[in-house]
Amino acid sequence: MRSAFLLVVALAASTIAPAVARSIDFSDLRHLVSVNDPQLSPDGKMLVYVRSTANYDKDRSQADLMLMDVRTRRARHLTWDRRGTSQPRWSPQGDRIAFTALAPAVKGDEPEEQLFVMPMNGGDAHQITSIATGVDDFAWSPDGTRFALVVPNENPNQKKIEAHEDAFEVGNNDYLHTATAMPSHLWTVSAGGGAPHRLTNGSWSLETVDPGGGSTPSWSRDGKTIAIVRFPTPLVGDALGTRVELVDAKTGAMRQLTHNSGLENDPLFAPVGDAIAYNRNTNGDYANGTAVYLTHPGAAASVDVRSSIDRDIEAKLWSANGKALWLVGPNGPRTSLWYRPVDATARAVDLGGLTVSRPGNVALTGALVFTATRSDRPGEIYMLASPDAKPVELTDENAAIAKLQLARVTSVTWKNDGFTEDGVLTYPPSFKAGKYPLVLLIHGGPQSASLEGWSSQRQLFAAHGYLVFEPNYRGSTNLGDRYQHAIARDAGDGPGRDAMAGVAAVEKLGIVDTSRIGISGWSYGGYMTSWLIGHYHIWKAAVSGAALNDWFDDYNVAFYVNLDVPFFGGSPWNPKYTAMWREQSPITYAPQITTPTLIMGDIGDNNVTITNSFKMYHALKDNGVPVQFVAYPVHGHFPTDPVRSEDVTRHWIGWLDKYLK
Amino acid sequence: MKSITNLLFGTLALTIALAASAGVSAGARTIGLDDLKGIVGVSDARISPDGKTIAFVVSRDDYKADRSARALMLYDLATGSQRSLTYDRRGLGNPAWSSDGTRIAFLALAGAGKEQREQVFVLDLRGGDAVAITTAPLGVEQFAWRPDGSAIAYVTPDEPKDKKAIAHHLDAFVVGDQAYDEKSAPTPNHIWLALSAAGATTWTTQRLTQGTWSLPSAQPPGPPASPLSWSPDGRYVAFEKMPDAHDADAWMGVAAILDTQTKNVRALTAHGKYESVPQFSPDGEQISYWYPFDGDPAAENDISIAPASGGDGTDVTAKDVDRNVVRAVWMPDSKSLLLAGHNGTDAALWLKPLDGTAKALDLGGVQPSEPFWFDGSVATTGAIAFAGSQSNRPSELYYLSSPAAKPRRLTSYNDTVASLDLGKVVPISWNSEGFAEDGTLTYPPDYSPASGKSYPLVLVVHGGPASASIRSFDAFNQVLAARGWIVFSPNYRGSDNLGEKYWYGIVKDAGAGPGRDVMAGIAAVEAQSKIDASRIAVSGWSYGGYMTSWLIGHYHIWKAAVSGAAVNNLVDEYNLGDGSGAGEGFQLGGSPWVGNGMQLYRDQSPITYAWQIDTPTLIMSDTGDARVPITQSYEMYHALRDHHVPVRFFAYPVAGHHPGDPVRRLDVDRRWVDWLAHYLK
C-alpha cells in the first residue's frame, strides 16, 4: 500500500546521437519512449504492448497499442488517435484483444475509461461498455465469452447533490474528498457487448482506482468462480482488512478463501487445476514484505511459497502448466526473477544485468515477457523462452540514449547496526580522479529500493557533475523482512543512521568534496531529507519534495489513516503513543535545521499532503533559514504530466547547482 | 490597523445578520428554521450628499437557484417612498454617490460564465442604463469617486506576469504567507483611474500605481478591508499599502498617500506597520487612520489623526473610547468623527469631537450592523443612515437626522418574522477573575419561571474572538429558543465589547481564561434562570468552535456539542490558514517554530485535550475553508473516534469559512438543531 509513496520519475531517451558522445540533458529525456504491459498471444507468436511518448506541446502522454511479430520483431500501430489506451489483453483464443480507453462521457462532461474489443482479423474495435462511472478493471472469462468488470457505483444522491444538498459524512477518507467515496463492484458483461450484469453490491468495495490503482479479478478455470479482493470500504484508510473472496460467477454468492483477518491481495487462479495464489504480508504483519501464499478453495491452510527467497514480492505469474510461479522482487542492487515450482525450491533466473520492471504474461508455449531496464538503458521489452533461457530483447525504442555519454552506475555496501546495507553510486560521466560534490537522492516508499536499473534523474544529476548516492535504508524492500520490518516504530532514527553510514562508506572512496554535499528526495525520500537536515549538519543544500514531515498529518488528513497504525502500535490520539508519533516526525526537529532548502509539493496530494510542506516552510522561514517553497496546482503525489514533471526536476537541480557549484 | 485576529478567526456572523418587528399578536406562532428563508437582508446604507435620499441594498434568498438576489434600492426621505434601481444584477454591492448626487456607482458582476467579474457600474439618476466603466480582467475589488465626479479610482489585481507560461502548465508558484489550498501566488492589487471627460458617457482607464507591493484584497460585495479615500482637491488618494501581495502580511501595511499627478507614493507616518484605513477629512487637512493601542499589534484598534502633510499624529480614541473601534467616519465639519464598535451587549456609535470627549449616541436598542465594520454613512448635513437590527426584528434601514436624534426605522422588510412569537433577549452579567463580564440570554417564547419547570441550556459561543454577542437580531438563537431551550451567548476575555484589558486578556491565554469566563457565565445563568443542569449543550463556529472544543475537553457537564469550522489546532492555523505566518502569532506568543513557541501553541490548542473529551460531538466544516482549514476538524474527528466518543463529521464541498449559499447555510443550521434535539430530549 505504501508503495504509493514510490516515486518513479518516469522520464527519459532520444533519437539522434551526435558523432561525439555528449552527456544527457532534458532534451534527451523528452524523447524517451515508454513501453508497458507486454502481452504475448496464447501461441506466443505475437506481442501487443503499450507504447507511450510525451507530447510537451499538449502536455500529455500519448499511449498507443503496438503489435509485434515476435519472429521478425516488426511492430505496427494497432490503435489510432485514442486517449488513455491501456491494459491490452488477448482473448483466450487469441482472436481478439480487449483494452480500455477513454470514451465520451455517458453522463456529465468527463470522459471515462470503457472496455473495447478489437477483432484481430481486421476491423474497428467495438466499445463493449458504456457505463457512466467507467470501467476500472476487467478480465476475460476462460472461454472468452464474457468479461468480469470492476465498476464504481454511481452516487445515489446525485440529484440532491446537484441541488447543493451535498454535505457528506467524513470517515477515514483523506481531506481532499468532496463527496462520499463510492464502492466499486463486480459485474459481468458478454464479450459481444450488451447490458452488464451486477454480481456484487454493498458498502464494501473492490479496490478503487484512487489511490490504490485497482486489482484485477481472477477467473477459475471452469469459469464458475471469480476471485476478488474485498476492501471493508472504498477507503484505503480502512484497508488493513482486505481479504480474498470467491464470487459465484452466476449468483454473486461469496465466501472467503481463507480464515485470515486481512492484508490479503492479488488472488490468481492457476491456469490448470484449482490452485490459487495470493499475496499477504509475511505472517500477517503489515510491516513485513509481501509474501505469496498458495492454497485451494476449501483448503484449511496456505503455504508461503516465497519463504526461501525472503524478499518483497512485487509481482507474480503462473507458469503455463500451472506447476510453477514466476516471482519478481528487488534483491540487493537489482530486481530478481525467480522460478518457483510448486513442489520445489525457487531459483533465480540469470538475467545478465537486467533489472525487471514488470512481468507481462506467459504464453501457452511457456514463454514469459517482461519490461526491464539496465543502468545504461531505459525500459525495453524482453522475452524469456523458458526458465533456463537467456532473455531476448524484443524492443529497441531507446537505443539513442545508449549512445550518449552516460554515467557509470555502481553498488556500494556497508555495515550498520547489524545490517549489511547497500546503495547505488553514480559517477559523473566525465569522472576522473579527484573530489566531486556529492548529491544524495533518497528513494521514497519507504517500501521500495534504489536499484541499478535505469534512472533518468540520477543520470541527469550526474551529468551536472555530481556523484549521486542513493542509499537504501532499513525499511527498504531489497534485503528481506528483517531489514524491511526494522523501520516499524523507528521511522527516522535508524534509517537516518543507515544513510549516514552509507555516506561514510562513499566518503571512504576518497572522491567526495565533503564541503559540498547536497541531500534530496521525494515522498519518504523527502521525509529522510527533512529528518537528516534536522539531525546532521554536513549539508550544503537540500531538496525536500512532497515530504512526509508530520506523521499526524499522515494519519489525520492523508489517505493512510489506519494503515499507519501498525508502524506505531496505536493511534496518535492515544496518549500512550502520542510521543512516538511526534518524536518520529521530522517537523519536530525543524528548528534545528540550518540547510538552505527547496520545498516542493502538489496542492492536491492526498498521499503526502501539502500541509506537511507548509509546516516545514514556516518553520524554516521563522528561523531565518534560506527556503523556497514551490507548489504545483495539480492533483497527485507528483506532477504526472510531461511539462510539470520536467519543471520539478529543473527546480530540483537548479537549487543544487545554486549551492553546490 | 484592522486586527489580525479579526481576519484570522473571523467571526462567523452565524446570525444570518439580517433584520426587525412590529408587535407580537396574541396567537402568534414561534419561529422555525423555515422562517429563516423569508428573512430579508438590508445593507449598504448610503445617504446622498444632500441628505435627501438613501441608496441601499436588499437581498432575498432564492432557495431554488440557491443564491441571494440583490437589488439596489432608493429611499426618498421626503415622501417615504422607495423604488428599485436595478433589475436582476448579480454580485451587487458597494453603492457610492457622486458628490453632486446625480449618479450612483456600484459594483456588480459583468461578463459571462466563468469570465464574470465585478466591475464598476455608473447609474445616472436622470435616467438610462447603468454603464460598466471598467473591464478589469481580474475584476474590481473596490473604487472611490473623485470628488469632482469625473473620475473613479479603483483597485484591481495585476494579471500574472507569466500568463503564457501558466497556460502551458508552467504554473508552479512560489509559496508565501498564504492558505494551503490556493492554486497560485497572489498578484498585487493596484490603483487605476477611470476617467470621463465632462459630459461624456465614455470612460477611459489608466494605471496609477505598480510594483510588487499591494493593496489588501477585498471580497465584494462585502466592504473592502481598507477603502480608498480622495483628498477633497482630487489630487491625492489615501490607501493601505502592504509590502507584498499576501493578505496574511497585511499587518505590515501602512497608511500611504498617492499623488495622482506625479504617481508618487509616500507613507503618512513613520510607524512602518500596523496601519490601515487612512481617510481624508472633508476639508483635506487631516487623515484618520487605524493603529493599534500603544502600537501593540495584539491590542484593540484605535483611531489616530495625523496632518495630511504627514507625521504620526495622535491616538484620539485611547482615552475616552476604550473599545475596539471598527470604523471612524468623518463628520462634515472635519472636527469630529463618528465611531463604531461593540459596547457591552450593544453595537454602539459615538460622536467624537477632536477637541472633546466622545459621547455615545442613544440608539434606543437599535443595533447597527457591524461585524468588523459599520454599515452606514453620513450626509453633508450630518444626517446618518445605517442598516441595523433589533433583538426582535431582522435588518432594516435606519435614519438619524443628526447625531443627537433618535434613530427612525424607514423600512419594514421583515414584518413577518417580527410578528412571530419570539424569545425575549436579555443581557446578563457576572464577575470572573476581576472582569465584569456579559453575554446575552434568549428565552423560549413561553418561558415561565413560575411554572417550576426547568429548561435545557444551549450555549452558542461567538467567533472572532475579537467580536461579541450583542442584542442584535439573532435568527439562529431564536430558532433554538423556540425549541424550548434557554440560549446563552457568553462573551469572554478576547471579546471586543469591554475594553482593552478584557480584549488583551486572551493574549497567550487562548483557551483557559476564556473557558473559565464562560463557565462563570453558566453559573450566573443557573443562578437566575431555571436550568436543567443535566441537559446543557455547547456549540459554536470558528473561534466559537474553538471554545466548544476547548470546553468539552476541560469540563464534563455537557450533553452534546456542535463544533463548527473549529480552530482546534493553533499550529495548523499558523501554518495553513489564510493568515499564516508571523501575523498569526501576535496573540499566541510568536511563532510555534521559535523558542518555546511549540509548547505555547500546544498548551493553547483544544486538540491537545481531545483525549479527555466524552461529549457526543457534531463536527462541521467546509472542505475549502482557508480561514480555519478543515484539517483541524479531521484531527478532532479522528481523536474522538479513536476514543469511541459519539462523533459525526459533515463536510461541505465548498470554499469559504461557512457555506455562503442559502441551501447549505440552512443545512448547517438544521444539522446543528437536530444534533442538539437528539441529545437534549
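The radius of gyration is taken over C-alpha atoms, and the globule rule is 2.2 Å times the number of residues to the power 0.38. For the 681 residues of chain B, a compact globule would therefore have a radius of gyration near 26 Å, and the 24 Å of chain B agrees with that. The model is predicted. Chain A has an average pLDDT of 94, and 97% of its residues score at least 70.

**Confidence in chain A**

- Residues 1-18 of chain A have a pLDDT that stays under 50.
- For this stretch, residues 1-18, the model has 56 contacts beyond four places in sequence.
- Where pLDDT is low, the predicted coordinates should not be read in detail.

**Overall build of chain B**

- Chain B contains 11 helices and 38 strands.
- Along the principal axes, the C-alpha atoms of chain B fill a box of roughly 75 × 60 × 50 Å.
- Of the 681 residues in chain B, 58% are buried.
- Among contacts in chain B with a separation of 6 or more, 60% are between residues 24 or more positions apart.

**The side of chain B that touches chain A**

- In the contact between the chains, 43 residues of chain B meet 41 residues of chain A.
- Five elements of chain B give two or more residues to this side: β11 (173-174), α8 (570-576), α10 (631-642), β38 (647-655) and α11 (662-680).
- α10(B) supplies the largest share, seven residues.
- By residue class, the side of chain B that touches chain A has 22 nonpolar, 11 polar and 10 charged residues.

**Strand pairing between the chains**

- Strand β11 of chain A, residues 168-169, pairs with β38(B) in the antiparallel sense over two bridges.
- A:F168 has B:A651 in β38(B) as its bridge partner.
- β37(A) also pairs with a strand of chain B: its partner is β11(B), in the antiparallel sense and over two bridges.
- Here A:A631 has B:F173 as its bridge partner in β11(B).

**A β-α-β unit in chain A**

- Strand β36 (residues 597-604) and strand β37 (residues 627-635) of chain A run parallel and are joined by seven bridges.
- Within this pair, A:L598 stands opposite A:Q628 of β37(A).
- With helix α10 of chain A (residues 611-622), β36(A) and β37(A) make a right-handed β-α-β unit.

**Backbone exceptions**

- Most residues other than glycine have a negative phi, and most peptide bonds are trans.
- A:G445 and A:P446 are joined by a cis peptide bond with omega about 0°; A:P446 is in the loop between β32 (436-442) and α4 (456-463) of chain A.
- B:P220 and B:P221 are also joined by a cis peptide bond, with omega about 10°; B:P221 lies in the loop between β13 (204-207) and β14 (229-230) of chain B.
- B:K263 is not a glycine but has a positive phi, near 65°. B:K263 is in the loop between β16 (254-259) and β17 (265-267) of chain B, and counts as exposed because it has 12 C-beta neighbours inside 10 Å, the cut-off being 12 or fewer.
- B:V277, likewise not a glycine, has a positive phi of about 50°. B:V277 is in strand β18 (residues 276-280) of chain B, and is buried because 27 other C-beta atoms lie within 10 Å, where 20 or more are needed.

Terms used
Residues numbered from 1 in each chain as written. Chains lettered and ligands numbered in written order. Predicted model: local features only at pLDDT ≥ 70, side-chain atom pairs only at ≥ 80, totals over all residues. pLDDT = per-residue confidence, 0-100. Contact = placed C-beta atoms within 7 Å. Helix = DSSP H or I, 4+ residues; strand = E, 2+ residues; numbered from the N terminus. Nonpolar A, V, L, I, M, F, W, Y, C, P; charged D, E, K, R; others polar. Pairing = 2+ DSSP bridges. Right-handed = clockwise from strand over helix to strand, strands pointing away.
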